[in-house]
Amino acid sequence: MTTAGTLQPTEQPPQSDDVVFDVSHVTLKFGGVTSLNDISLQMYRGEILAVIGPNGAGKTSLFNSLTGVYTPQEGSITLSGRPGDAPVSVLGKKTHIINHLGAARTFQNIRLFPALTALENVQVGIESRQKSGPLSAMLGMPWQRREQREAIAAAYRLMDDVGLAHRANELAGSLPYGEQRRLEIARALGTNPGVLLLDEPAAGTNPAEKRDLGQLIRRVNTEREIGVLLIEHDMKLVMSIAHRIVVLNFGGKIAEGSPAEIQHDPTVVAAYLGTPPDEAAEPAADTDTDTEGTAGAHGR
Ligand SMILES: Nc1ncnc2c1ncn2[C@@H]1O[C@H](COP(=O)(O)OP(=O)(O)O)[C@@H](O)[C@H]1O
Ligand SMILES: [Mg+2]
């Protein structure tokens with residue numbers, strides 16, 4: 001495969017019929033706006049699948065539909081979060097249930113608890129899968145104290161793993177932007193996911209942070225065997241780490257393939273890759289409609 005960028009996929013994930021997310025004919029509408037128009041796609045176990053497309057194309061809407069934030073009017077979505085899990089429908093399920101089923105996500109706009117320490121943010125992710133409820137926590141039951149010790153230890157390990165051990169006791173809101181994005185990934189990993197959904201993880205980061213992020217995503221994928229669904233505008237990053245790419249435009253899927261195939265796909269080049277950024281942004285000129293509130297420019 002010929003791809004741009006410094007990181008090259010060393011090996012393809014096993015091409016299997018082991019499907020993690022199975023999206024079939026999904027349509028999502030808000031009043032007169034069709035955010036997703038008859039979308040079908042599969043994410044396979046262990047792969048890094050990138051979702052690209054201009055602002056307003058429907059990428060975040062897709063993530064929100066996969067994670068129970070939105071319920072599409074038409075179509076089906078099933079999830080087999082961890083190896084061997086039978087596929088279950090995510091439609092109508094609450095976000096925290098889908099998280100328990102093995103899908104964890106980060107947000108286009110960072111959603112950390114800024115007034116908690118970095119470590120506490122990761123601890124929150126870990127504790128969300130522990131058995132202690134608020135009552136046992138209040139009563140200080142022995143197993144609750146043991147779980148808390150374990151959560152702190154696990155949170156430190158995760159912080160170390162994403163290169164943030166030295167920041168453990170600083171307030172999350174005080175960390176540089178790129179580190180907050182890594183912290184969000186650590187918190188998501190704390191929920192022990194089988195699949196990680198990252199919504200523009202490189203947005204607002206500098207080139208060195210982008211490179212580190214690419215390596216982190218690759219490492220999460222290979223060492224932890226976690227599938228990664230990645231929304232990202234930075235094409236260098238996408239082309240260097242994605243095994244496959246799905247391209248959305250105006251809520252529809254216009255292409256799907258390897259990075260090399262996508263880079264040379266005339267439809268994609270015309271709709272997204274090849275045109276100057278100001279022209280390419282035209283279909284989504286109304287960037288206020290971005291549901292997460294940021295108007296990510298192309299190639300950012
Ligand atoms: N909650 C919502 N209410 C109204 N419109 C929405 C909502 N969520 C998404 N949309 C619309 O769906 C379209 C796709 O948005 P989005 O999924 O955020 O695109 P992307 O992430 O690709 O930039 C936009 O036109 C947006 O205005
Ligand atoms: Mg978005």
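Predicted model: local features only at pLDDT ≥ 70, side-chain atom pairs only at ≥ 80, totals over all residues.
Four bridges join strand S3 (residues 48-52) to strand S9, and the two strands run parallel.

**Strand S9 and its partners**

S9 and strand S10 (residues 252-257) are joined by five bridges and run antiparallel. The two strands form a hairpin with two residues between them. In the turn, Phe-250 has a positive phi of about 50°.

Val-247, a residue of strand S9, can be looked at in detail. Val-247 counts as buried because 24 C-beta neighbours lie inside 10 Å. Val-247 and Val-51 are 196 residues apart in sequence, but their C-alpha atoms are 5.9 Å apart in space. Leaving aside neighbours within four places in sequence, the contacts of Val-247 include Ile-52 and Gly-53, Lys-253, Ile-254 and Ala-255, and also Ile-262, Val-268 and Tyr-272.

**The open sheet**

An open sheet of four strands has the order S2-S1-S4-S5, and its pairing is antiparallel. Strand S2 (33-44) and strand S5 (88-89) stand at the edges with a single partner strand each, so one side of each has no neighbour in the sheet. Inside this order, strand S1 (residues 19-30) and strand S4 (residues 74-79) run antiparallel and are joined by five bridges. Phe-21 stands opposite Leu-79 in S4. Helix H1 (residues 59-66) lies across S1, S2 and S4, and runs at about 65° to S2.

**Helix packing**

Two packed helices are described by the angle between their axes and the distance between the axes. The table gives these values for two helix pairs.

| Helix pair | Angle between axes | Axis distance |
|---|---|---|
| H5 (residues 142-161) and H6 (residues 177-190) | about 135° | 9 Å apart |
| H6 and H7 (residues 207-223) | roughly 10° | within 10 Å |

From their angle, H5 and H6 are therefore oblique to each other. Their crossing is right-handed. Ala-154, Ala-155, Leu-158 and Met-159 in H5 meet Ala-186, Leu-189 and Gly-190 in H6. By class, this contact has six nonpolar residues, one polar residue and no charged residues.

H6 and H7, by their angle, are therefore roughly parallel to each other. On the H6 side the residues are Gly-178, Arg-181, Arg-182, Ile-185 and Leu-189, which meet Glu-209, Leu-213, Leu-216 and Val-220 in H7. The residues of this contact divide into five nonpolar, one polar and three charged. Leu-189 of H6 takes part in the contact with H5 and in the contact with H7.

**The chain as a whole**

The protein chain has 11 helices and 10 strands. Of its 300 residues, 44% are buried. Among contacts in the chain with a separation of 6 or more, 71% are between residues 24 or more positions apart.

Methods. Residues numbered from 1 in each chain as written. Chains lettered and ligands numbered in written order. Pairing = 2+ DSSP bridges. Axes fitted to C-alpha atoms, helices over the stretch in contact; angles between N-to-C directions. Parallel < 35°, antiparallel > 145°, perpendicular 65-115°, else oblique. Left-handed = near helix turned anticlockwise from the far one by under 90°. Contact = placed C-beta atoms within 7 Å. Nonpolar A, V, L, I, M, F, W, Y, C, P; charged D, E, K, R; others polar. Buried ≥ 20, exposed ≤ 12 C-beta atoms within 10 Å, placed from the backbone.
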